[in-house]
Amino acid sequence: MKKYSIVRIGSEYVVQAGETSILKVSSRREAAKLVTDAAELLQHEPAPGADEPTSIEREDPEVP
C-alpha cells in the first residue's frame, strides 16, 4: 500500500498518495477519516487480479 499524506494548500487539505494528489477536502479531520476508511476497505477486500475473471454470468442450475 502506498504512503498517504495530508497537505494543506490554501484553505483546503489535499490527500496525496506518494506524489499524486487524489482528494481535496475542506477539513483535516475529514481528510484523515476518509484515508482511514479507505485503508480499512483495502485491507478487507483485495482487488481482483488482472488474470481473474470478473464475469457475473449466471450459472445454469443442475437438473437431476
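Leaving aside neighbours within four places in sequence, Ala31 is in contact with Ile6, Val15 and Val25. Ala31 itself is found in helix H1. In this predicted model, the relative accessible area of Ala31 is 0%, so the residue counts as buried. One of these contacts also spans a stretch of sequence: Ala31 and Val15 are 16 residues apart along the chain, yet their C-alpha atoms lie 6.7 Å apart in space.

Of the 64 residues in the chain, 11% are buried. Among the contacts with a separation of 6 or more, 13% come from residues 24 or more positions apart. The chain exposes about 6,000 Å², with carbon and sulfur atoms supplying 52% of that area.

The strands come next. Strand E1 (residues 4–9) runs antiparallel to E2, and six bridges join the two. Together E1 and E2 form a hairpin with two residues between them. In the turn, Gly10 has a positive phi of about 65°. Within this pairing, Tyr4 has Ala17 as its bridge partner in E2.

Strand E2 (residues 12–17) also contains Gln16. With a relative accessible area of 18%, Gln16 falls under the 20% cut-off and is therefore buried. The side chain of Gln16 makes a polar contact of 3.5 Å with the side chain of Ser21. Beyond the neighbours within four places in sequence, the residues in contact with Gln16 are Lys3, Tyr4, Ser5, Val7 and Ser21.

Turning to charged pairs, the structure holds two salt bridges. In one of them, Lys24 pairs with Glu12, and the closest N and O atoms are 3.7 Å apart. This pair links distant parts of the chain, as Lys24 belongs to strand E3 and Glu12 to strand E2, twelve residues apart. The two partners fall into separate accessibility classes: Lys24 counts as exposed because its relative accessibility is 55%, while Glu12, at 33%, is partly exposed.

The other salt bridge joins Lys33 to Asp37, with 3.1 Å between the closest N and O atoms. Here the setting is helical: Lys33 and Asp37 are four residues apart in helix H1, so about one helical turn separates them. Asp37 has a relative accessibility of 29% and therefore counts as partly exposed.

Finally, the surface carries a nonpolar patch formed by Tyr4, Ile22, Leu23, Leu34 and Leu42. Together these residues have about 420 Å² of accessible area. Strand E3 (20–25) and helix H1 (28–44) each supply at least two residues of the patch, and Leu42 is placed in helix H1.

Technical notes:
Residues numbered from 1 in each chain as written. Predicted model: local features only at pLDDT ≥ 70, side-chain atom pairs only at ≥ 80, totals over all residues. Heavy atoms only, no water. Patch = residues over 30% accessible without salt bridge, like charges linked within 9 Å, V, L, I, M, F, W, Y side chains within 5 Å. Areas by Shrake-Rupley, 256 points an atom, 1.4 Å probe, with all protein chains shown as cover. Salt bridge = Lys/Arg side-chain N within 4 Å of Asp/Glu carboxyl O. Buried < 20%, exposed > 50% of the residue type's maximum accessible area, 1.4 Å probe, protein only. Polar contact = N/O pair within 3.5 Å; in protein donor to acceptor, adjacent residues only side chain to side chain. Contact = heavy atoms within 4.5 Å. Pairing = 2+ DSSP bridges.
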